[in-house]
Amino acid sequence: MSAAIQQLKPQALWKHFCALNAVPRASKKEARVIAFVEQCAQSMNLSHQTDAVGNVIIRKPATPGMEHLQTVVLQSHLDMVHQKNADTTFDFDTEGIRMYIDGDWVKAQGTTLGADNGIGVAAILALLESTDIPHPALEALFTIDEETGMTGALALEAGQLTGNILLNLDTEEDHELTIGCAGGIDVSAQGSYDVVDAKHSQGMLLQIRGLQGGHSGMDIHRGRGNANKLMNRLLLQLVQEWEIEIAEVDGGGLRNAIPRESRALINIPSEHLARIEHRLNEYQNVLHDEYRVTDPNIELVFSQTPVNSQVMQPARCLQVLHAIYACPNGIYRMSPSIEGLVQSSNNVARVLIQQGSWSVQCLTRSSVNSEKLDVKEAIAAAFHLIGAELQTGGDYPGWAPRPDAPIVQIMSQLYEELFQDKAHVNACHAGLECGILGRNYPEMQMISFGPTITGAHSPDERVKISSVQKFWHYLTETLKRIPAR
């Protein structure tokens with residue numbers, strides 16, 4: 001199907017997207033995609049440099065007659081979120097993404113598509129390769145590790161870029177111009193527990209699956225179920241009512257993805273098997289009722305298994321379940337000044353209990369730094385009460401909106417001219433690299449835009465073909481409107 005996708009318009013962009021998607025590019029495993037971009041620069045006879053962490057900068061002179069315009073930085077990140085459905089056989093380390101066309105959408109077969117931020121990367125490569133698109137001098141900045149800590153943007157040194165206008169191609173609604181974003185911080189709790197011999201005689205596997213998931217920033221306001229929190233809710237009920245034993249819990253995955261699945265291995269009193277199965281069926285109905293709108297395919301699946309001989313010490317088990325229950329998840333506060341904008345949130349992204357240790361990983365976001373720290377303390381409070389070890393990392397700043405910046409005015413007016421509609425100029429709750437880059441380049445004007453992408457960070461990810469065409473037209477016309485130096 002890749003050949004059919006390469007025939008889509010604009011062909012130059014889709015050609016590069018297909019080539020990019022043939023390269024495995026997980027966060028923190030970007031060596032192959034860095035080499036891919038470097039090879040592109042060499043084949044285009046363009047100067048490039050790669051810094052110590054792997055960020056690549058490619059420079060292209062202005063087309064004749066546009067040398068007097070300000071230099072533009074085009075920026076996208078090279079890594080993508082690697083997620084797949086449980087029933088999909090796929091090796092992200094060795095295989096390219098399997099894409100197909102479905103009406104007006106490009107999708108992947110059971111995995112994330114990589115349109116976030118692969119379409120942006122492909123658009124930049126298409127511009128760098130072009131010979132017939134007018135543009136000012138360009139600096140293409142390809143950062144690494146955006147999805148798991150933004151370490152590429154954090155490591156970019158001052159003075160590497162000369163442009164004073166930055167176009168970030170990492171927004172996922174084609175009518176939006178993003179001029180601000182939330183900052184974030186990773187908050188993790190961990191501890192140990194005594195492993196004891198089981199006293200119950202019947203094992204059971206519980207699975208919560210079929211949730212929508214999605215981006216833990218851009219989709220957090222949609223009220224979708226968090227598999228980790230829903231599994232914890234069930235386990236606490238079973239422990240309190242029947243003193244079930246927990247051998248293992250494994251839920252969620254990446255810190256910036258709303259957890260779609262969770263599984264638990266437990267032991268139950270065999271004499272209460274029928275009653276427990278009845279309660280599980282009741283909980284399934286509760287989940288369907290509560291999440292019928294946001295997660296219509298949610299399901300609780302359970303089956304009998306051999307007994308688990310080693311389990312979590314009961315008193316410690318109850319402590320951990322209570323702490324996870326108390327840990328905030330979802331929207332913490334809406335913005336009082338921007339209607340509809342989530343100001344602060346937390347995503348309980350990963351829960352793992354096995355072999356004497358447990359851990360909970362969260363990603364906290366806020367556009368207000370003091371409130372970000374407040375949410376962090378709320379999480380810490382829940383786990384400090386049980387003597388857990390707390391770790392934080394990956395702290396990055398938000399991006400303060402500058403609605404009066406000339407590039408914002410230019411692109412707002414251009415959007416209205418091209419599409420006979422007003423662009424939605426806003427801030428977003430996702431973490432964009434602009435806030436980090438702005439620390440070393442405080443005078444740089446920045447704006448983010450892109451084509452319509454839905455289901456980012458999940459196997460439901462898809463990109464709208466007609467929207468890519470709209471985005472490309474908007475991008476190329478914007479380059480003609482860049483003001484003089």
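This is a predicted model: local features need pLDDT of at least 70, side-chain atom pairs count only at pLDDT 80 or more; totals for chains, interfaces and linings use all residues.

Reader: Okay, but what counts as a pocket, and what as a cavity?

Author: Both are sets of points on a 1 Å grid over the protein atoms alone: a cavity is where a 1.4 Å probe fits but cannot get out, a pocket is open with protein on both sides within 12 Å along at least five of seven lines, and lining residues have an atom within 4 Å of a point. Strands (E, at least two residues) and helices (H or I, at least four) are DSSP runs, numbered from the N terminus.

Reader: What volume does the largest pocket have, and what kinds of residue line it?

Author: The largest pocket holds about 610 Å³ of space, where a volume is the space filled by probe spheres set on the points, which are joined across faces, edges and corners. Its lining divides into 10 nonpolar, 10 polar and 9 charged residues; here Asp, Glu, Lys and Arg count as charged, Ala, Val, Leu, Ile, Met, Phe, Trp, Tyr, Cys and Pro as nonpolar, and the others, Gly among them, as polar.

Reader: And the second largest pocket, which residues are closest to its centre?

Author: That pocket has a volume of about 470 Å³, and of the 24 residues that line it, Glu173, Glu176, Met218, His221 and Arg222 are the closest to its centre. Strand S20 (424-428) and strand S22 (453-454) each supply at least two lining residues, and S20 gives the most, with 4.

Reader: How many cavities are there?

Author: The count comes to 5 cavities of 30 Å³ or more, and the largest cavity contains about 190 Å³ of space. It is lined by 21 residues, and the closest to its centre are Glu146, Glu147, His215, Ala430 and Gly431. By class, that lining has 7 nonpolar, 7 polar and 7 charged residues.

Reader: Switching topic, how many helices and strands does the chain have?

Author: The protein chain has 12 helices and 23 strands. Buried residues (under 20% relative accessible area, against over 50% for exposed and in between for partly exposed, with a 1.4 Å probe and protein chains only) make up 57% of its 485 residues.

Reader: Can we look at single residues? Is Thr88 buried or exposed?

Author: Thr88 is buried, because its relative accessible area is 12%, and its place is in the loop between strand S3 (72-77) and strand S4 (99-102). Leaving aside neighbours within four places in sequence, Thr88 is in contact (heavy atoms within 4.5 Å) with Gln109, Gly110 and Thr111. A polar atom of the Thr88 side chain lies 3.4 Å from the backbone oxygen of Gly110.

Reader: What about Asp197, buried or exposed?

Author: Asp197, which is found in strand S10 (residues 195-197), is exposed, with a relative accessible area of 60%. Not counting residues up to four places away in sequence, Asp197 touches Ser309, Gln310 and Val311.

Reader: Which peptide bond involving a proline is cis?

Author: The bond from Lys9 to Pro10 is cis, with omega near 0 degrees, and Pro10 lies in the loop between helix H1 (2-6) and helix H2 (11-21). A cis peptide bond also joins Asp116 and Asn117, with omega about 5 degrees, and Asn117 is found in helix H4 (residues 115-129).

Reader: Why point those out?

Author: They are pointed out because most peptide bonds are trans, and most residues other than glycine have a negative phi. Phi of Lys28 is near 70 degrees, a positive value, and this residue is exposed at 55% relative accessibility. Gln420 has a positive phi too, near 50 degrees, and lies in the loop between helix H10 (406-419) and S20.

Notes. Residues are numbered from 1 along each chain as its sequence is written. Side-chain values use heavy atoms; hydrogens and water are left out. A polar contact is a pair of N or O atoms within 3.5 Å; within protein, one must be able to donate a hydrogen and the other to accept it, and residues adjacent in sequence count only if both atoms are side-chain atoms.
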